[in-house]
Amino acid sequence: MLFNSLTFVAFFALVLALHNAPLPWKVKKTNLLLASYLFYAAWNPPFVILLWLSTIVDWHVAKKIFAEDRQGRRRGWVLVSILVNLGLLGYFKYGGFLLENWQGMMSAIGVTWTAPGWNIVLPVGISFYTFQTMAYSLDVYLRRAKPADSLLDFALFVTFFPQLVAGPIVRPTQLIPQFREPVRASRDQLLWGLGLITLGLFQKIVIADGALAPAADAVFGAEAAVPFSDAWLGTLAFAGQIFSDFAGYSTAAIGIALCLGFSLPDNFRFPYAAIGFSDFWRRWHISLSTWLRDYLYIPLGGNRKGWHRTQVNLMVTMLLGGLWHGAAWTFVVWGGLHGLYLGIERFIRERWGHATVASTAGFRLFLALLTYFLVNLTWVFFRARSFPQAWSMTRSMLGFGVEGSVLVLSTYLVITVLTVTIGMLAVHWYMRSRRLEEVVAKSPWWLTGLVWAGMLFLIVITQGSGDAFIYFQF
Amino acid sequence: MSWPRVAVLAAVIVAVGVGAWEAYWRVAQRYEASYRNSDGQWAEVRRRVDAREPNATVFIGSSRTQFDIDLDVWQEMTGVHGIQLALEGSNALPILTHIAEDEDFAGLLVVGITPPLVFFPGIGLRADAVQHYFDETPSQWLGNKLSYPLETRLAFYNIDTKLFTVLTRQEWWPDRPGLPWQQQEVRKIENMRRDRQADLWDRVEDDPEFNAIVTGTWQDILENLPPPPPPEVAQAAFEALLEQVAADVTRIRERGGEVVFIRPPSSDWFREFERQASPREMVWESIVGAAGAVGVHSEDYPELSGVRTPEWSHISSRDKARWTRALVGILRDRMAERGLHRPEMGS
């Protein structure tokens, strides 16, 4: 069920009413659990079985690990969790990709073999909940946390509908303790939560789908190559679209949870004002980047095993992070480019990071714009349908004209993309070191009301197309 | 921060804003609340084919079939409430294949032919509707049901009045030098019922300025159709298409069903374009001939051609009942000539 659907409005109203009804806490949690299964089944009912499988396996595995002192056995149990979760992910998400590449490799060495058809439907959000449940077993294995006391609490942690299908990826220590004691949103929390839902839906429906998607789709869907101007405009449009789409989902998810009295972590902090790539990854999809840091980069050795090993660890983490997003080599290149940027940044910081010029406002603004420029180059690989298209777009964006290129964007789309992009960058820069809560708290009440009404009104008259959030496919 | 005060202010502003927006579309633009012709609505009507065999009468084709057939008159004359599956801007022939593949269907299939559209690769504009029928999730199914009460109460809740659609079509945007032709969005030209009967909007008929926008859009689209493939390629594709038509019709007949073809009227510039681009003997006669089916071409019957088509392509809502009545009578006669007595035709 999509947040931007009438079905969700009805569903959430019912869940909210039940959650505020005078019922025992255990009944309320059971309601939330059933609602979460219903939320997931609304896409494809049989896939709820995958949630159950992931829940049951990690519930038992974590208990076994916790009860076991022998390291070999502990490792064996944690491997069960990893194999089951990555197995699900591998089968549903990467099966076709692996077969296709195997076929290519065989063909390269002269073996003709045709892979069987692989028409497996990707269960929505599988990358998110498998990582979340794996983190639970890993935390117990790494002795960072104890297993949950209650299966109900654990099942709700795995399934909690606000963040089930597109994050934020929540750690067990962040959410499970919140299920122990009865919680209910205060009046102000409820209204703040509704405000966040409005902001998230505004980002999704008005900015991502309404204003920017037409330009991004036109450029990346064009049959012929596009010239410099349209290549840039299409990429800027996609940069804004994917941010607004994904941050919109996260913001709405945080708002929905807050309306129920629960707190979810931030997933975005105005990433297009990032100065450098380590800063970017502290602001973009924070729950994934910290997951990868804690469960991949640090176990690989992090930065503790020398300069060269650190660079390798960074690159491996980013390549796998790229692959997490989708079963295609273009995503791997996207991750690889970020790994490369991070490596170069680390190198530069170590040598010239303390130079006086590095702390001047003008230079920081220059670095922020440079970061944004380089991030945009990576988005081309993320969005392109194929490598030839990605190369063609990159060549156009770098000023190496592509023969036969054709304009695709109307004046309306050009002006829309530029207006939204400049507005978005200004907001990100202003909010770079601020928190939304602080800014709202300092604003006059009537201004907050006006802005809220403006967003809501624009959502209503944009109407929305009911398009799925981009990150659902990951 | 006094959140209740903020929320009340926001709610009041939104209520006033939405009210003003609705009033603008109703009063200044004469819009009426009407079903949105969504993919979900098509899927809902499509499912009736599965549930209603063997007496279903199904209409497929483009918007002409959808606008021109009056389902109430059809029911009055035949006793069967037809299932309207025609889709605007879409080619009927892939839908014919889709229905032929549905083993549940053994009724009467009325196929509307709009000559330029039969050369479309695939279904065309509304291909998503058919895909939606196969892929609809429980959430989409429920969302569709929840949407209906809004569709029938709010005039602005319409794909033609979406904010960014409205912004796109404003004339104040200057042309971009070097930009190739781009198709403009087709404006709202109908009001639709739950059973997908569409009636040509009165405004198209009695507002000359709006009428000119609609006819200008048809002309713009048709003058910019992609160039046809080389003759030998086109010929081979057309022969394959005719073979498919014959196979589909045979398949439906083998289950006890029947297929008839109709050619709804068009006029003025549109008709002339069709005459030149897809001559009757080349397209219509070939398809009906390949199918070996009853075919009723509007131009062969004065009672079918003597109707108003205000924007050249669809029958006026004031004439559609008369046209449908005449069509049923002619179809009955033509089918009887072939010894076809179908319960769906009340014969």
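The legends below describe close-up views of a predicted model. Local features are reported at pLDDT of at least 70 and side-chain atom pairs at pLDDT 80 or more, whereas totals for chains, interfaces and linings use all residues. Residues are numbered from 1 along each chain as its sequence is written, and chains are lettered from A and ligands numbered from 1 in the order in which they are written.

**View 1. Helices H12 and H13 of chain A.** H12(A) spans residues 307–325 and H13(A) residues 329–352 (helices are DSSP runs of H or I with at least four residues, numbered from the N terminus). Their axes come within 7 Å and cross at roughly 150°; axes are lines fitted to C-alpha atoms over the stretch in contact, with angles from 0 to 180 degrees between N-to-C directions. H12(A) is therefore roughly antiparallel to H13(A), the term for angles over 145 degrees. The crossing is right-handed (the near helix is turned clockwise from the far one by less than a right angle). Among the residues making the contact are Leu314(A), Met318(A) and Gly322(A) of H12(A), and Phe331(A), Trp334(A) and Leu342(A) of H13(A) (contact: C-beta atoms, placed from the backbone, within 7 Å). The contact residues divide into nine nonpolar, nine polar and no charged. Here Ala, Val, Leu, Ile, Met, Phe, Trp, Tyr, Cys and Pro count as nonpolar, Asp, Glu, Lys and Arg as charged, and the others, Gly among them, as polar.

**View 2. Helices H8 and H9 of chain A.** The axes of H8(A) and H9(A), the latter covering residues 228–259, come within 7 Å and cross at roughly 160°. The two helices are therefore roughly antiparallel to each other. Their crossing is left-handed, and the residues in contact comprise 27 nonpolar, eleven polar and three charged.

**View 3. The contact of chain A with chain B.** Chain A supplies 37 residues and chain B 35 residues. On the side of chain A, the elements giving two or more residues include H1 (6–19), H8 (187–220) and H18 (445–462). H18(A) gives the most, with 13 residues. The side of chain A that touches chain B holds 25 nonpolar, ten polar and two charged residues. The model scores ipTM 0.90 and pTM 0.92.

View 4. Ile99(B) lies in helix H5 (residues 92–100) of chain B. Ile99(B) is buried, with 25 other C-beta atoms within 10 Å (buried: 20 or more such atoms). Leaving aside residues up to four places away in sequence, Ile99(B) touches Val58(B), Ile60(B), Phe105(B) and Leu109(B). The C-alpha atoms of Ile99(B) and Arg46(B), 53 residues apart along the chain, are separated by 9.7 Å.

Technical notes
Angles under 35 degrees count as roughly parallel, over 145 as roughly antiparallel, 65 to 115 as roughly perpendicular and the rest as oblique. Two residues are in contact if their C-beta atoms, placed from the backbone, lie within 7 Å. A residue is buried if 20 or more other C-beta atoms lie within 10 Å of its own, exposed if 12 or fewer, and partly exposed in between; C-beta atoms are placed from the backbone.
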